[in-house]
Amino acid sequence: MLVQEGYDALSVDAVAERAGVHRTTVYRRWRDVGGLLADVLDAAGSDAWRPPDTGTLEGDLAAVNAEVEAGLTDQPVTAALIAASFRSPEAAAALQRFWDDRYTRCAVVVERAVARGEVPEGTCARRVVVAATAPVYQQILLMRDRGNPLLAEQAARGVALAAAHGVFVGGQQE
């Protein structure tokens with residue numbers, strides 16, 4: 001419903017009608033759309049996803065980027081949930097929890113790269129992953145352009161090279 005009709009058309013009453021239940025059934029669980037969206041986002045973070053291990057930092061980042069790209073293009077609800085988070089403080093907080101969880105899970109990508117000697121000790125995993133994935137989010141969500149099939153790999157390569165040269169040493173570790 002969020003994808004088809006947008007945030008403004010989304011209401012607890014509309015969700016109840018679409019689900020074929022009485023509105024009190026939905027209101028009992030969620031007092032408003034923000035709470036409903038927050039629960040959807042929190043549920044998305046309860047999966048068993050782990051970043052791939054390709055054997056190189058560049059490969060791992062490219063694989064993560066490819067998954068991000070697929071998530072944004074193959075599943076329109078992802079982009080709709082991100083957009084809706086700008087309209088609801090509860091959804092925004094849930095999306096922040098989701099990002100924090102994903103960045104924490106992705107720290108292993110940099111830990112493996114440190115262990116292999118690809119990047120220096122003290123490389124900030126969160127900064128590496130944010131720098132690698134940001135161009136994909138920018139291209140798809142902000143520019144609404146899916147025209148660069150090499151973007152995921154190019155962004156990963158650039159960040160891996162920068163990380164190898166110590167650009168991401170220091171900063172917040174997670």
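**Figure 1. Crossing of helix 5 and helix 9 in the predicted model.** The axes of helix 5 (residues 57–73) and helix 9 approach to within 8 Å and cross at roughly 145°. The crossing in which helix 5 passes helix 9 is right-handed.

**Figure 2. Residues in the contact of helix 5 with helix 9.** Helix 5 contributes Leu57, Glu58, Leu61, Ala62, Asn65, Ala66 and Glu69. These residues meet Ala152, Glu153, Ala155, Ala156, Arg157, Val159, Ala160 and Ala163 of helix 9. By class, the contact of helix 5 with helix 9 comprises 10 nonpolar residues, one polar residue and four charged residues.

**Figure 3. The largest pocket and its lining.** The volume of the largest pocket is about 730 Å³. A total of 25 residues line the largest pocket, and those nearest its centre are Ala79, Ile82, Ala83, Leu141 and Leu142. At least two lining residues of the largest pocket come from each of helix 5, helix 6 (76–84), helix 7 (89–116) and helix 8 (125–142). Helix 8 gives the most to this lining, with eight residues. By class, the lining of the largest pocket consists of 17 nonpolar, five polar and three charged residues.

**Figure 4. The second largest pocket and its lining.** The second largest pocket has a computed volume of about 560 Å³. Its lining is formed by 24 residues, of which Thr78, Phe98, Trp99, Arg102 and Tyr137 are the closest to the centre of the pocket. Helix 4 (33–44), helix 5, helix 6, helix 7 and helix 8 each provide at least two residues of the lining of the second largest pocket. Helix 7 gives the most to the lining of the second largest pocket, with six residues. The class composition of the lining of the second largest pocket is 17 nonpolar, four polar and three charged residues.

Figure 5. Confidence is lowest in helix 3 (residues 23–29), where the mean is 84. Confidence is highest in helix 9 (residues 151–164), at 96. Helix 9 is also the partner of helix 5 in the crossing at roughly 145°.

Conventions. Residues are numbered from 1 along each chain as its sequence is written. This is a predicted model: local features need pLDDT of at least 70, side-chain atom pairs count only at pLDDT 80 or more; totals for chains, interfaces and linings use all residues. Side-chain values use heavy atoms; hydrogens and water are left out. pLDDT is the predictor's confidence in each residue, from 0 to 100. Helices (H or I, at least four residues) and strands (E, at least two) are DSSP runs, numbered from the N terminus. Axes are lines fitted to C-alpha atoms, for helices over the stretch in contact, and angles run from 0 to 180 degrees between N-to-C directions. A crossing is left-handed if the near helix is turned anticlockwise from the far one by less than a right angle, and right-handed if clockwise. Contact means heavy atoms within 4.5 Å. Ala, Val, Leu, Ile, Met, Phe, Trp, Tyr, Cys and Pro count as nonpolar, Asp, Glu, Lys and Arg as charged, and the others, Gly among them, as polar. On a 1 Å grid over the protein atoms alone, a cavity is a set of points where a 1.4 Å probe fits but cannot get out, and a pocket is an open set with protein on both sides within 12 Å along at least five of seven lines; lining residues have an atom within 4 Å of a point. Grid points are joined across faces, edges and corners, and a volume is the space filled by probe spheres set on the points.
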